[in-house]
Number of protein chains: 2
Amino acid sequence: MTLQAQPELTKNQSLVFSALNRADGPLTAYAILDELRAEGFRAPLQVYRALERLQAYGLVHRLESLNAFVACSHPQCAHQESAAFAICEKCGQVAEFSPGRATDALKAWATQTGFALTNTTIELRGMCRLCSGAPAPCA
Amino acid sequence: MTLQAQPELTKNQSLVFSALNRADGPLTAYAILDELRAEGFRAPLQVYRALERLQAYGLVHRLESLNAFVACSHPQCAHQESAAFAICEKCGQVAEFSPGRATDALKAWATQTGFALTNTTIELRGMCRLCSGAPAPCA
DNA sequence: CCGCCAGACGTTATCTTATTACGTTATAGG
DNA sequence: CCTATAACGTAATAAGATAACGTCTGGCGG
Ligand SMILES: [Zn+2]
Ligand SMILES: [Zn+2]
Ligand SMILES: [Zn+2]
Ligand SMILES: [Zn+2]
């Protein structure tokens, strides 16, 4: 994770960050690009460059299993602890949580094995409470 | 995961599976394709179709953070338990292990939250024992 | 003030990864 | 034999990510 200090965001970084915050779920880089064409974005690299910084600042997470990005749910805590995500396959909602005990278990494995752990990806797939409780898509 | 019963493999499935077993690390779909051009493979879809089945049979895993695939390290056990992977960023080796306690913790979170969990992705990044112990790349 | 550097930016082209669409072949059941 | 199903072959295209280049800015030493 190795979080970087966070200077003030540049214009492009702010635009990308606010696009992610407006969205009610994860966005792909190209979806962000389309969101921001009105603001003058023209090329994927503008999005990827901003995302790279935002991730380094801990404001944005990448969902590996979706090739998509979400704004951090609790940026204030800068959650040094690795984050985990529960992705609803019905409605697309993503819940971010802190997998304290799971991370501890993985760290223990790493220590035992001699693996120098720098980063952990945890992504859960399934259905959120609302979607699994009712047949209709959740609000 | 929902593992499927495993009938005998088709020719293409066998070829893809053996390519993954020959490799000493994960392969991308296109790397597999190149491996198998000599055997008559011509198009990505031949690889993706075989991978799809092999994953369903539990013989192959996809590494989400690499967009790559590995043969299962212990296919005999059909590890209903979700697998976890430790990826060395120096030498590229991948170690598969059973994250029992971590999975338990994630299941507990899901139960508490009302999330109907079907699948868990756990991928660790860092350096393997050999690479972090010695400056030279590990054997 | 001037020259220089580093960081952000813009643009194009290209590369990698994955899927859609459609037609063919092999095979098992009735 | 007829037909349904699964696997296969091929071409085209979509989706995701990066390389390579040049420009523009603001800060700083001289
Ligand atoms: Zn977060
Ligand atoms: Zn849902
Ligand atoms: Zn396995
Ligand atoms: Zn290594």
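User: Ground rules before we start?
Analyst: This is a predicted model in which local features need pLDDT of at least 70 and side-chain atom pairs count only at pLDDT 80 or more, while totals for chains, interfaces and linings use all residues. Residues are numbered from 1 along each chain as its sequence is written, chains are lettered from A and ligands numbered from 1 in the order in which they are written, and side-chain values use heavy atoms, without hydrogens and water.

User: Which residues does the UniProt "binding site" annotation cover?
Analyst: The unreviewed entry lists A:Cys88, A:Cys91, A:Cys128 and A:Cys131. They span 44 residues in sequence, yet no two of their C-alpha atoms are more than 8.1 Å apart, so they gather at one spot. UniProt annotations may be inferred rather than shown by experiment.

User: Is A:Cys131 buried or exposed?
Analyst: Buried, at 2% relative accessibility; buried means under 20% relative accessible area, exposed over 50%, partly exposed in between (1.4 Å probe, protein chains only).

User: And A:Cys128?
Analyst: A:Cys128 is also buried, at 15%.

User: Switching to DNA strand D. How many residues surround it?
Analyst: 14, and the closest include A:Tyr30, A:Arg62 and B:Arg53. A residue is near a strand if one of its heavy atoms lies within 4 Å of it.

User: What does B:Arg49 reach on DNA strand D?
Analyst: A base nitrogen, 2.4 Å from a polar side-chain atom of B:Arg49.

How values were computed: Polar contact = N/O pair within 3.5 Å; in protein donor to acceptor, adjacent residues only side chain to side chain.
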